[in-house]
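Have a look at the structure first, then read on.

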Amino acid sequence: MSERYARQALFYGIGRQGQQRLMEKTAVLVGCGALGCTSANLLVRSGIKCLKIIDRDYIEESNLQRQSLFDEEDIEKNLPKAIAAHKKLQKVNSHIQIESAIVDLNPSNIETLLHNANIVIDGTDNFETRFLINDYCVKSRIPWIYGACIGSTGLTMNIVPTKTPCLRCILENVPPFGTTETCDTEGIIAPIASMIASIQIAEALKILTDNFDTLSKGLVKIDLWRNEIKRMHVEDIKEKADCVTCKQQKYEFLSRNTYGTTTSLCGRNAVQILHPHGSNLDMARLAARLEKVGNVSFNSFLLRFKTDKYELTVFPDGRSIISGTNDASLAKGLYAKYIGM
Ligand SMILES: [Zn+2]
């Protein structure tokens, strides 16, 4: 075993055997924002076999305060988060396999993206995606680790199918859009994201090395500003609850048809639109067409088009993030006008 992991293998909870196990494992990270950057960094350094990074977004200036894998050059180059993270992390550890996908995780692609995961790490910012992950992981019996943070407060919980309650046992339904606070309306300090992600990855290391006995139990809530750490015991909920997902085995989020739908993005004054059938856009051709009506820049990962007060970011698969509005029908109109279906 290489010297690289010597200190980790020396640690009593992991040992050489644990390190060997770790080196055979694949982790999938969904969402590479503040939580995801710290998680990805810790996972890659720990020496797992493969890390798959899924993220649908590009980097903005307001991300740099807390998303520790990104820098100003990434913004100048218009890099998607998944690509910037991939490039940086491969320099950190050239021995492990890193894969990146610039996509919106949805029912149509979740099987392809998650099927070989030994663990799934939540770095998302919305409940729609978390419930989808929960459905898939409960159905496929893959452990996943919920994480969320806002302001100075963070939450995390291990979900080990058949052994612990699932996310749906605890939160029966998706909180309606606009009723939950977001980082864009409430702000966030970076240390809470590092802390929650660090707990998530400590738990991941336990799961990936088969140390299930030492797993943290229940929902952990930390507020770094008020100096509070709470643990909510939810273990017996599983017995009491008639959970739609893990008791009734109805996977409602997996069976949703998301094509053609629009999503308002986490309080960002932006709307995401999926291409109805997926697409394979010729970025250069689209750029040439749009240059006549607005300001265009593009690379092989995305095309940015500014017009009036709106900015359209288009990905090769036809997916688009339209910023400057929260109005889904207005965004659809802009998409139809400039990109076309
Ligand atoms: Zn459940």
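How are the donor residues of the zinc ion spaced in sequence? This is a predicted model, and in it the spacing reads C-x2-C-x73-C-x2-C. The protein donors are the SG atoms of Cys166, Cys169, Cys243 and Cys246, and they sit 2.2 to 2.3 Å from the zinc ion. What geometry does the site have? It's tetrahedral, with angles of 96 to 119° among the four donor atoms.

Now zoom out to the domains.

| Domain 1 and domain 2 | Value |
|---|---|
| Area buried between the domains | about 1,700 Å² |
| Salt bridges across the interface | two salt bridges |
| Polar contacts (both residues at pLDDT 80 or more) | seven residue pairs |

In terms of residues, 17 from domain 1 are in contact with 19 from domain 2. Carbon and sulfur atoms give 54% of the buried area.

What about the charged side of things? The rule finds two salt bridges between domain 1 and domain 2. The side of domain 1 that touches domain 2 is made up of seven nonpolar, three polar and seven charged residues. As for a salt bridge you can go and find in the model, look at glutamate 60 and arginine 268: their side chains meet at 3.8 Å, N to O.

Definitions and conventions: Residues numbered from 1 in each chain as written. Predicted model: local features only at pLDDT ≥ 70, side-chain atom pairs only at ≥ 80, totals over all residues. Heavy atoms only, no water. Contact = heavy atoms within 4.5 Å. Buried area = accessible area lost by both parts, 1.4 Å probe. Salt bridge = Lys/Arg side-chain N within 4 Å of Asp/Glu carboxyl O. Polar contact = N/O pair within 3.5 Å; in protein donor to acceptor, adjacent residues only side chain to side chain. Nonpolar A, V, L, I, M, F, W, Y, C, P; charged D, E, K, R; others polar. Donors = N, O, S within 2.8 Å, 3.2 Å for Na, K, Ca; no water. Tetrahedral: all angles 85-135°; square planar, octahedral: opposite > 155°, others 65-115°.
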